[in-house]
Amino acid sequence: MEKRVALELRGRNPSQVKELNLDNCRSTSIVGLTNEYTNLENLSLNAVGLTTLKGFPTLPKLTKLELSDNRISNGLNFLNGCKKLTHLNLSGNKIKDLDALKPLEEFKNLKNLDLFNNEVTSIEDYRTKVFALHPSLKYLDGFDKDDREAEDTTEEEDVMNGNNDSDDDGSGDEEVDDEEDDDDEDMSLSAVYNDNLEEESSASSLYEGSDVEEEEDVDDEDGDNDADREHNSKVQGNGEADREPEESTRGKKRKHEDDDEDEN
């Protein structure tokens, strides 16, 4: 047990530990647990093989103690240093009579006691006598004085059977969420359809615009050709006009030369 305690400690200070599980660590007595575990609240020692609780430490904040499936027959007085204990599980031990349970009278906060599979449970009026012995006790072996099952056990069974109210509410919310998801999906499909229409419309308008631009380009080319032809004609006209004065000048020159020859 001492090695298991050191392993579960994991390098922490004992005063920092709130829960400690030492199940199946195999020991006949308490070894390794000390009064240093001042903040320990839950301690589990199931199926360890304990025959005595001698040396059990003072644990001022311990509220839940699991000691099932051991070989404890008496010595519950060694738990007196755990005044805040509310849950004690002693099922599967060797407790035979009510005298072995008298030390539990010191636990004024004890609410839940489990003695299932102990010989003491076969005593006549066992439940009535145990409830009378411990006035603070609310549940014995999972049931109250009126044989109603413990609340937490009932809640767990409801959850397992799917009868929990919160689960019903959750399922309703899921149905609403599913409907909202369907609506969102329809809206998204509609949006995609509209986007496709807009894209097609934009594509067609772009295509028409390109046709117009092509027509304008053709018109511009025709205009440019006409302008080129007009320019060429003007250039040709100017060339003829330039040649006319030159020819007339040559004619005058020749005439002048003829006149000079006649005079000579």
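Let's start with the open sheet: its 6 strands run in the order β1-β2-β3-β4-β5-β6, with parallel pairing. The edges belong to β1 (19–21) and β6 (139–140), each with a single partner strand, so one side of each has no neighbour in the sheet. Strands here are DSSP runs (E, at least two residues), helices are runs of H or I of at least four, and both are numbered from the N terminus; two strands pair if DSSP finds at least two bridges between them.

This is a predicted model, where local features need pLDDT of at least 70 and side-chain atom pairs count only at pLDDT 80 or more, while totals for chains, interfaces and linings use all residues. Residues are numbered from 1 along each chain as its sequence is written, and side-chain values use heavy atoms, leaving out hydrogens and water.

Now look at β4 (residues 87–89) and β5 (residues 112–114), which pair in the parallel sense over 3 bridges. Here Leu-88 stands opposite Leu-113 in β5.

Next, find Asn-46 in the loop between β2 (42–44) and β3 (64–66). Asn-46 has a relative accessible area of 15%, and it counts as buried because that means under 20%, with exposed over 50% and partly exposed in between (1.4 Å probe, protein chains only). Leaving aside residues up to four places away in sequence, Asn-46 touches Asp-23, Asn-24, Glu-66, Leu-67, Ser-68 and Asn-70, where contact means heavy atoms within 4.5 Å.

Finally, Thr-121 sits in the loop between β5 and α2 (126–133). Thr-121 is partly exposed, at 30% relative accessibility. Thr-121 and Leu-98 are 23 residues apart in sequence and 9.5 Å apart in space, C-alpha to C-alpha.
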